[in-house]
Amino acid sequence: RNATCVIRAMADSKQQAGPKASDRAQEKSVRESNIVAAKAVADAVRTSLGPRGMDKMISSPGGDVVITNDGATILKQMEVAHPTAKMLVELSKSQDVEAGDGTTTVTVIAGSLLNQSELLLKKGIHPTVISDAFLMAARKSEEILQAMSVPVDLGDRATLVKAASTSLNSKVISNNASLLAPLAVDALTAVIDPATATNVDLRDIAVVKKLGGTIDDTELVRGMVFTQKASHAASGPTRVPNAKIALIQFCLSAPKTDIEQNVVVSDYSQMDRILKEERKYILDLCKKIQKSGANVVLIQKSILRDAVNELSLHFLAKMKILVVKDIERDDIEFICKTCGCMPIANADTLHAEKLGKADMVEEVPTGDGKVIKVTGVPNGGKTVTILCKASNNLVLEESARSLHDALCVLRCLVKKRFLTPGGGAPEMQLAYQLSKWSNTLAGTHAYCVKAFAEAMEVVPYTLAENAGLNAIEVVTDLRNRHAAGESAAGINVRKGRVTNILEEDVLVPLLVHTSAIGLATECVRLILKIDDIVITR
């Protein structure tokens, strides 16, 4: 629709004047339509910002329902047609990758910057000038944020828990933040060496979801958890102490031909021979497994033929070997890292040194169904598992997403060991410092930097608005506090007024803010530079 508007605007303006005027009119209308589209996306997620933000219910054509508060998830699921609006979706994705938290903030800031640039364009300031001034302001913002942040020590568990709870407080499951935040911190500190680490691979922390129980039953397992049941054929074992684990990628079933073909057997004695051969073939495979000393077998899913059949399960059960089947391809690396085993692709290469070890592998009953826990792994400290539980699927999915966000916040602290106050304090400080700095600049740049500073006020304003406070009153009070030099003053939504936010333990990693402002500015500059949309055939 926007494209047709653009073409109509071109047609109208061509009739009015010569080529020069029409080109300018067209540029203007394209920019306007771009800004309007991007602002619409930003307004869609604006209400979900902060601890008192609303949640969105996303319904897919297939009838799946997702309830979430996470900006990146909302935008990822939204159907966006306009090319510029898609840029904002990409923006929140890149914030999700870079920092993991602040995905709503980054979209809201971008929307606010676009709003200000629209006003500047109307004043007749050239887009390139606005773009350059915004870049200057963004660089200055990083210095200001660095100056107001406090260094953090990764050995200080209490501070890390506060930072994780701040992230969880704006989620659907904020009531359980006191339980989940310490879990996230323990999981993260278990997989890194706090003294030397500069980054965390979040793939080392597996979040396993299991329906049944409540969120309070969520636990941290130093080892692995499989949601598959152990195979119960021929009353096989369900608890194996001192386990030797074999991870096999070959199939424990009769071989098939390489091409689709049928063998017709008319003679009974021949049929008997086939069954005997099959039995012997499978028994040989099972004996090889037994010979290696393995007493727990993990079998990878196979799409070509059955990974196991009843016969092989029966033999393995008789040999007192615990079998877990349907292991996903994606989990193989994690399993190898955790229990120190190697994947075995062929029965002939199954040797004792390729087996993993664990003190205990057992089947544990949970809410509904059972899970298999592998505990006491030798190199404890490379990986951990968080077993998430909840009473229904919507809450389960959301709690897993929120835990991921909390882990990302802690990862930011490992990357850049600084904390800033939350609650709209850094944005207000930026607004105050930048507008002060803009007075020292000359020409149109000063105008643009002042507009950038004003745009920053959208975050505290939205926080107050979502909490049902009188936004103008609260933001004015906040501005006065920052002008008086209280850089840690922020909006306390629980008490409904401005307080020192560091005392309330609302802490956010510096990286979340710097990357949000950097990415938002980059995106806005990109949108401002576009003066025409060309539609290809």
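Leaving aside its neighbours within four places in sequence, which residues is Thr462 in contact with?

**Figure 1. Thr462 and its contacts.** Here we look at Thr462, which sits in helix 15, residues 458–466. Once neighbours within four places in sequence are set aside, Thr462 is in contact with Arg46, Leu49 and Val108. Thr462 counts as buried, because its relative accessible area is 1%, under the 20% cut-off.

**Figure 2. Helix 15, a mostly covered helix.** Seven of the nine residues of helix 15 are buried. They are Val458, Val459, Pro460, Thr462, Leu463, Ala464 and Asn466. After the helix comes Gly468, with a positive phi near 80 degrees.

**Figure 3. Leu478 in helix 16.** This view turns to helix 16, which spans residues 471–483 and holds Leu478. Is Leu478 buried or exposed? Leu478 has a relative accessible area of 0%, so it is buried. Not counting residues up to four places away in sequence, Leu478 touches Gly424, Met428, Pro460, Ala489, Gly490, Ile491 and Val498. Pro460, one of these partners, is also one of the buried residues of helix 15. For a sense of scale, the C-alpha atoms of Leu478 and Tyr461 are 10.0 Å apart in space, while the two residues are 17 apart in sequence.

**Figure 4. The largest nonpolar core.** This core has 53 residues, and those with the most contacts inside it are Leu88, Leu113, Phe452 and Ile517. Helix 17, residues 510–529, gives the most to this core, with nine residues. Another core, of 40 residues, lies apart from it and includes Ala177, Ala181, Leu188 and Leu507. As a general note, nonpolar side chains tend to be buried together in soluble globular proteins.

**Figure 5. A closer look at Ile517.** What does Ile517 contact, leaving aside its neighbours within four places in sequence? The partners are Ile109, Ala138, Ser141, Leu145, Leu430, Phe452 and Met456.

Figure 6. Met57, Val65 and Leu394 make a nonpolar surface patch of about 260 Å². Leu394 belongs to helix 12, residues 393–415. With a relative accessible area of 32%, Leu394 is partly exposed, because this value falls between the 20% and 50% cut-offs.

**Figure 7. The whole chain, for orientation.** The chain has 17 helices and 17 strands, and of its 537 residues 50% count as buried. Its C-alpha atoms fill a box of roughly 95 × 60 × 40 Å along the principal axes. The accessible surface is about 25700 Å², with 51% of it belonging to carbon and sulfur atoms. Among contacts between residues at least 6 apart in sequence, 78% join residues at least 24 apart.

**Figure 8. Confidence along the chain.** The average pLDDT is 83, and 95% of the residues score at least 70. Over residues 3–18, though, the pLDDT is below 50, and this stretch has seven contacts in the model beyond near neighbours in sequence. Where pLDDT is low, the predicted coordinates should not be read in detail.

Terms used. Residues are numbered from 1 along each chain as its sequence is written. Side-chain values use heavy atoms; hydrogens and water are left out. Helices (H or I, at least four residues) and strands (E, at least two) are DSSP runs, numbered from the N terminus. Buried means under 20% relative accessible area, exposed over 50%, partly exposed in between (1.4 Å probe, protein chains only). Contact means heavy atoms within 4.5 Å. Patches are made of residues with over 30% relative accessible area and no salt bridge: like charges are joined within 9 Å, nonpolar side chains (Val, Leu, Ile, Met, Phe, Trp, Tyr) within 5 Å. Accessible areas come from the Shrake-Rupley method with a 1.4 Å probe; for residues, only the protein chains shown count as cover. A salt bridge is a side-chain nitrogen of Lys or Arg within 4 Å of a carboxyl oxygen of Asp or Glu. pLDDT is the predictor's confidence in each residue, from 0 to 100. A nonpolar core is a set of buried Ala, Val, Leu, Ile, Met, Phe, Trp, Tyr and Cys residues joined through side-chain atoms within 4.5 Å.
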